[in-house]
Amino acid sequence: MSAHNPDTNARSIYSWFPLTLRRGFRFVVKKILPRELQHEILGDLEEAYPKLWDFIVACIVSVWEAYRLQTTSTADKLLWSAQLALVLFCFAHGEAPLALMILTVVTLVTLILRDAFTHRPPASEAVPTLPSTAADAVEAVVDPDEGAPRTSLQYYMDSAADTAILAVTVLASQAVTLNLDAPLAMPGSVLFRGAMVFIPVLETIRMVLRPNPYSKEPFKGSKLSALAIYNRVRLLNFIWMVPCYFALEHNHRLVPRIFPLYHPLSNLVPLLTFTLWVRLQQDIDVRDKVVITTLDIDQDKAKVKETPKKAEYLFKGLDKSHPYYPAYVVLEVLFFIQLLFPVSYQLWQWLHSAPGHMDSWSLLFEGVLSMALILSWRFVKRSNQEAARALWDSVKKPAADPVT
Amino acid sequence: MEPNETLGQFEQLVLTTVYMLNGQGYTVTICDEVNKMTQPKRVMVGTVHVSLVRMLGKGLLSSHFANPTARRGGKAKRYFQVTAEGERALRHAMATAKLMSDRLDGLKGSLT
């Protein structure tokens, strides 16, 4: 019988082994390759390299090339600097420079690889989902949001995965270092306190600075009128500003009297900065224009005159070519520095286990509040810009009937 | 008109190949053609793929997907085509190469 023929058995082993090895290797490569490129690259490799050894070499080259491309595409100096600054802020007080260096390198490399894995290249939006009976080809969909994940759900899942992977990496690097050479490891208390601050703050920074699918158009697809959007955004601004004012009012007491005049003025300076920032965006000519709304004026025409005024009360932003744009950016950054400085100072004290810092629960509350304000800021700003645009668009519509 | 993007040597090769294949080229066939031009040096599919994705990002190429096939493990082929911007970049690269060639012809004696 052929089943007992030794030649047949040998042949089946020889054909089974490379096939299994190939499948196993393909499985590993599929898991490693950047998410948005893996489907296509694996298809090309399957077709181009039928021999096992060629396939393995090509897979290794492809993984290297794909990560090189993705890392270049995701290079963001601001994000990398912020991440580096945060690692130093959280772990530098350990007085173990070598341990700090190891932790910094491990953390930053993990984050860079993670960014490369999740980044969506601009031209990869087209998804081959045609049924077999359909036409032979479909035009690529133009990608509107470069780099952002496809959906909000994926964006939040990625952020959660970032946190988990980072926590595991930090702990694994500590475990490996402890096993190899204990003095090279970060002291336990420093690692614990540092990680407690580092991981949530890092995620906040990443969520603020990395592209996300909804940031460009918060009211996309909405059927609300321009006025309804305006009213909602005004309410949103109010909801955002109340805790912000609370944080400013409360936080200024957390900073010691470093400068003689700092304390009495500390809660006024950020408010002044914010007011100046808002004023910079306003077109005074439009904002202060008097609108006569007497009965003999057509209501629609009065509305057309009133609408641009409303837009001036929103944080509509400034164009990059505007002469005040640099001041606009500086004031915004300055405001957030002032908002965050007291909490950062208290966190620094807590990380050092220095006496006199506020209790941990209050610090946690302040930290969460500050992070929530920063996280929601981009959405608030985008909503304002969109509302202003909607108001202007609603004015342009009856342009066929010019206002005299 | 001056193109927005300048091309590296490898990108020139890949773009030329895509242009030659006239919309009928996908990564594997493009890689085969590039390998014919770069002999004896062998270029891997991954390298060509990355170069194609980069040029898609620059707007030099456009692409469309065909149906998935069993031969490729159920993965779809992606066909590439040169855009107007890509043609402009290719023409600019050709003009530069011709200019260089003309200049070097003038110095032929010193090169040999």
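Start by selecting A:Asp162, which is buried because its relative accessible area is 2%. Buried here means under 20% relative accessible area, exposed means over 50%, and partly exposed lies in between, with a 1.4 Å probe and protein chains only. The model is a predicted one, where local features need pLDDT of at least 70, side-chain atom pairs count only at pLDDT 80 or more, and totals for chains, interfaces and linings use all residues; side-chain values use heavy atoms, leaving out hydrogens and water. Residues are numbered from 1 along each chain as its sequence is written, while chains are lettered from A and ligands numbered from 1 in the order in which they are written.

**Stop 1: around A:Arg206**

A salt bridge is counted when a side-chain nitrogen of Lys or Arg is within 4 Å of a carboxyl oxygen of Asp or Glu. Helices (H or I, at least four residues) and strands (E, at least two) are DSSP runs, numbered from the N terminus.

Is A:Arg206 buried or exposed? A:Arg206 counts as buried, because its relative accessibility is 1%.

**Stop 2: a salt bridge in chain B**

Switch to chain B and pick B:Glu85 and B:Arg88. They form a salt bridge in which the closest N and O atoms are 2.6 Å apart. The two are three residues apart in helix H4 (residues 84-106) of chain B, so about one helical turn separates them. B:Glu85 counts as buried because its relative accessibility is 14%, and B:Arg88 counts as partly exposed because its value is 24%. Over all chains, the structure holds 17 salt bridges.

**Stop 3: the rest of chain B**

Show chain B as a cartoon. How many helices and strands does chain B have? Its secondary structure comes to five helices and three strands, and along the sequence they follow the pattern α-β-α-α-β-β-α-α. Chain B has 112 residues, of which 46% count as buried.

Now select B:Asn22, in the loop between helix H1 (9-21) and strand E1 (25-26) of chain B. Phi of B:Asn22 is near 50 degrees, a positive value in a residue other than glycine. B:Asn22 counts as exposed because its relative accessibility is 56%.

Then move along to B:Gln39 and B:Pro40, which are joined by a cis peptide bond with omega about 5 degrees. B:Pro40 lies in the loop between helix H2 (27-38) and helix H3 (45-58) of chain B.

**Stop 4**

Back in chain A, select A:Met101 in helix H5. A:Met101 counts as exposed because its relative accessibility is 52%. Together with A:Leu98, A:Val105, A:Val109 and A:Leu113, A:Met101 forms a nonpolar patch on the surface, with about 450 Å² of accessible area in total.

Which residues line the largest cavity? Select A:Ala99, A:Ile102, A:Leu103, A:Ser173, A:Gln174, A:Thr177, A:Leu184, A:Ala185 and A:Met186 to see its lining. A cavity is a set of points on a 1 Å grid over the protein atoms alone where a 1.4 Å probe fits but cannot get out, and lining residues have an atom within 4 Å of a point. The largest cavity has a volume of about 50 Å³, a volume being the space filled by probe spheres set on the points, which are joined across faces, edges and corners. Helix H5 (97-118) and helix H6 (152-180) of chain A each supply at least two lining residues. The lining divides into six nonpolar, three polar and no charged residues.

For the patch, the residues used have over 30% relative accessible area and no salt bridge, and nonpolar side chains are joined within 5 Å. Accessible areas come from the Shrake-Rupley method with a 1.4 Å probe. Ala, Val, Leu, Ile, Met, Phe, Trp, Tyr, Cys and Pro count as nonpolar, Asp, Glu, Lys and Arg as charged, and the others, Gly among them, as polar.

**Stop 5: helix H2 of chain A**

Finish with helix H2 (residues 38-48) of chain A, where nine of the eleven residues are buried, so the helix is largely enclosed by the rest of the structure. Among the buried residues are A:Ile41, A:Leu42 and A:Leu45.

Note on methods:
On a 1 Å grid over the protein atoms alone, a cavity is a set of points where a 1.4 Å probe fits but cannot get out, and a pocket is an open set with protein on both sides within 12 Å along at least five of seven lines; lining residues have an atom within 4 Å of a point. Patches are made of residues with over 30% relative accessible area and no salt bridge: like charges are joined within 9 Å, nonpolar side chains (Val, Leu, Ile, Met, Phe, Trp, Tyr) within 5 Å.
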